Amino acid sequence: WRTALASVAGVYLITDTRDGRQYVGKADGAERIHQRWSAYAANGHGGNVELRGLDPATFRYSLLRVFDPATPQSVIDGAESHFKQALDTRRHGLNRN
């Protein structure tokens, strides 16, 4: 599974199982899903302000969409934006942007 996740870009969802709030993120460019999720494992927040101070032991990680690494940046950005809107993570979740 590590090899598979290290070879794809994508849009993912982190759900805080304590309260159900969600965070939509993406791994693109040189960073793949495995690398991005490794950053969360290393410090619990992956650099995301809204995730700091939360208990990463309560996070559930899900893949929403997988892309070939050659997929244009605009397509991945569009998918991330779509899921943020569809899941309303800007108003009722953990996304600030």
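In this predicted model, Leu 13 stands opposite Val 24 in strand 2. This pair of residues is a handy place to start a tour of the sheet. Strand 1 and strand 2 run antiparallel and are joined by six bridges. The sheet as a whole is open and is formed by three strands in the order 2-1-3, with antiparallel pairing. Strand 2 and strand 3 are the edge strands, each of them pairing on one side only. From one strand to the next, the twist averages 20°.

Helices come next. Helix 2 packs on the sheet and touches strand 1, strand 2 and strand 3. The direction of helix 2 makes about 30° with that of strand 1. Helix 3, which covers residues 73-87, also packs on the sheet, touching strand 1, strand 2 and strand 3. Here the angle is given against strand 2, and the direction of helix 3 makes about 175° with that strand.

What lies in the interior? Nonpolar side chains in soluble globular proteins tend to be buried together. In this model, the largest nonpolar core has 13 residues. Those with the most contacts inside this core are Tyr 12, Ile 14, Tyr 23, Ile 33, Trp 37, Tyr 40 and Leu 51. Two or more residues are given to the core by each of strand 1 (9-16), strand 2 (22-27) and helix 2 (33-43). Helix 2 provides the largest share, three residues. A second, separate core consists of eight residues, including Ala 9, Leu 13, Val 24 and Phe 83.

Tyr 12 deserves a look of its own. Leaving aside its neighbours within four places in sequence, Tyr 12 is in contact with a list of residues that includes Tyr 23, Ile 33, Trp 37, Tyr 40 and Leu 63. Tyr 12 also belongs to one aromatic cluster, together with Trp 37, Tyr 40, Phe 59 and Tyr 61.

Aromatic pairs in the model come to five. In one of them, Trp 37 and Tyr 61 are tilted, with 5.4 Å centre to centre and 50° between the planes. This pair links distant parts of the chain, since Trp 37 sits in helix 2 and Tyr 61 in strand 3 (residues 59-67), 24 residues apart. Trp 37 is buried, with a relative accessible area of 18%, whereas Tyr 61 is partly exposed at 30%. Tyr 61 also pairs with Phe 59: the ring centres are 6.5 Å apart and the planes stand at 75°, so this pair is edge-to-face. Phe 59 itself is buried, with a relative accessible area of 9%.

Most residues other than glycine have a negative phi. Asp 88, however, has a positive phi of about 55° although it is not a glycine. Asp 88 is found in the segment after helix 3, and it is partly exposed, with a relative accessible area of 23%.

Notes. Residues are numbered from 1 along each chain as its sequence is written. This is a predicted model: local features need pLDDT of at least 70, side-chain atom pairs count only at pLDDT 80 or more; totals for chains, interfaces and linings use all residues. Side-chain values use heavy atoms; hydrogens and water are left out. A nonpolar core is a set of buried Ala, Val, Leu, Ile, Met, Phe, Trp, Tyr and Cys residues joined through side-chain atoms within 4.5 Å. Buried means under 20% relative accessible area, exposed over 50%, partly exposed in between (1.4 Å probe, protein chains only). Helices (H or I, at least four residues) and strands (E, at least two) are DSSP runs, numbered from the N terminus. Contact means heavy atoms within 4.5 Å. Rings of Phe, Tyr and Trp (its six-membered ring) pair if their centres lie within 6.5 Å; planes under 30 degrees apart count as stacked, over 60 as edge-to-face and the rest as tilted. Two strands pair if DSSP finds at least two bridges between them. Axes are lines fitted to C-alpha atoms, for helices over the stretch in contact, and angles run from 0 to 180 degrees between N-to-C directions.
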